[in-house]
Amino acid sequence: MRIKEWLLLIVLSGLWGGSFFFIKIALVDLPPLTIVLGRVTLAAIVLTIFVSSSGQKLPTSLKLWRAFFVMGALNTLIPFSLIVWGETKVSSSLASVLNAMTPVFTVLLAHLFTREERLTFNRAIGVAFSFCGVVVLIGFDVLQGMQLQSLGQFAVMGAAFCYGCAGIYGRRFRELPAAVTATGMLYVTIVMLLPLTFALEHSWTLKPTNITLSALFALGFFCTAIAYLIYFHLLAVAGATNASLVTFLIPISALLLGVFILHEQLYWNTFAGMILIFVGLTAIDGRLLKTSCIN
């Protein structure tokens, strides 16, 4: 990759890592589903403008829109909601580390449900290291009995599993421009979220502060819409394998924001678990050390 792509990759990791930070701020005044609804609505508006201005069009096929509903549930509605709820119980730093398990679940699901990507020896070793990291992160709490913090950790893990499922299911959209797929996915997510949010959280009665609204704006505009556009660009220019390097960088920015701004405490098992997960991701990635140097 060129210097420009490396810089965009770092920016993308900062935006996606920052999402855990902004979620924590928004949770002060807003409940989980309301945060998710605000996030996807703003992102959908921005991506609609981008799709329209770039001459692209949303599909009219009912079959594709039915597929969008599945994709919206797997890649947005369920994982976004699980992460936000999970952060009501755990720190943003820990949530970002657990979310890094997404490639691990993707590898396992690809082995089970595809013929192209089988579980090699290196990938199996990577999966083992990553799950050892999870045990270090949450295993001791689980042994002491199921607590709310444990449920929060499992919620974030559930989100990572959903992302893995979405990665497999999303292959059917290969013929569509990525921005069109993301926009359609966000539309159907809004449709699914609206009745849930108003029925369960009475969103119209909420009175968030300006700080909360600013965090929600940053979450929807920067961490979702702009981040998607950067990611699409990296996919087109640098390829999916290079773009996937962002997985390694997201927890770093989230940890920095969580520790230095939110004053979250980190314990030895957080660092130990993160190292084990990163070692596992490196083994799964396989070509990380062979990635071309900056030109």
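Phe121, Ile125, Phe129, Ile275 and Val279 form a nonpolar surface patch of about 470 Å². Two elements, α6 (121-143) and α12 (268-285), each give two or more residues to this patch. Helix α6 provides the largest share, three residues. In an α-helix there are 3.6 residues a turn, so residues three or four places apart point the same way. The structure described here is a predicted model.

Val279, one of the patch residues, is found in helix α12. Asn75 belongs to helix α3 (residues 62-86). The accessibility of these two residues is set out below.

| Residue | Relative accessible area | Class |
|---|---|---|
| Val279 | 36% | partly exposed |
| Asn75 | 16% | buried |

Asn75 counts as buried because its relative accessibility of 16% falls under the 20% limit. Val279, at 36%, is partly exposed, because that class lies between the 20% and 50% limits. Leaving aside residues up to four places away in sequence, Asn75 is in contact with Phe80, Tyr163, Ala166, Met185 and Tyr228.

Helix α8 covers residues 178-201 and has 24 residues. At 1.5 Å a residue, helix α8 should span 34 Å, and its end C-alpha atoms lie 32 Å apart, so the two values agree. Just after α8, His202 adopts a positive phi of about 50°.

Methods
Residues are numbered from 1 along each chain as its sequence is written. This is a predicted model: local features need pLDDT of at least 70, side-chain atom pairs count only at pLDDT 80 or more; totals for chains, interfaces and linings use all residues. Side-chain values use heavy atoms; hydrogens and water are left out. Patches are made of residues with over 30% relative accessible area and no salt bridge: like charges are joined within 9 Å, nonpolar side chains (Val, Leu, Ile, Met, Phe, Trp, Tyr) within 5 Å. Accessible areas come from the Shrake-Rupley method with a 1.4 Å probe; for residues, only the protein chains shown count as cover. A salt bridge is a side-chain nitrogen of Lys or Arg within 4 Å of a carboxyl oxygen of Asp or Glu. Helices (H or I, at least four residues) and strands (E, at least two) are DSSP runs, numbered from the N terminus. Buried means under 20% relative accessible area, exposed over 50%, partly exposed in between (1.4 Å probe, protein chains only). Contact means heavy atoms within 4.5 Å. The expected span of a helix is 1.5 Å times one less than its number of residues.
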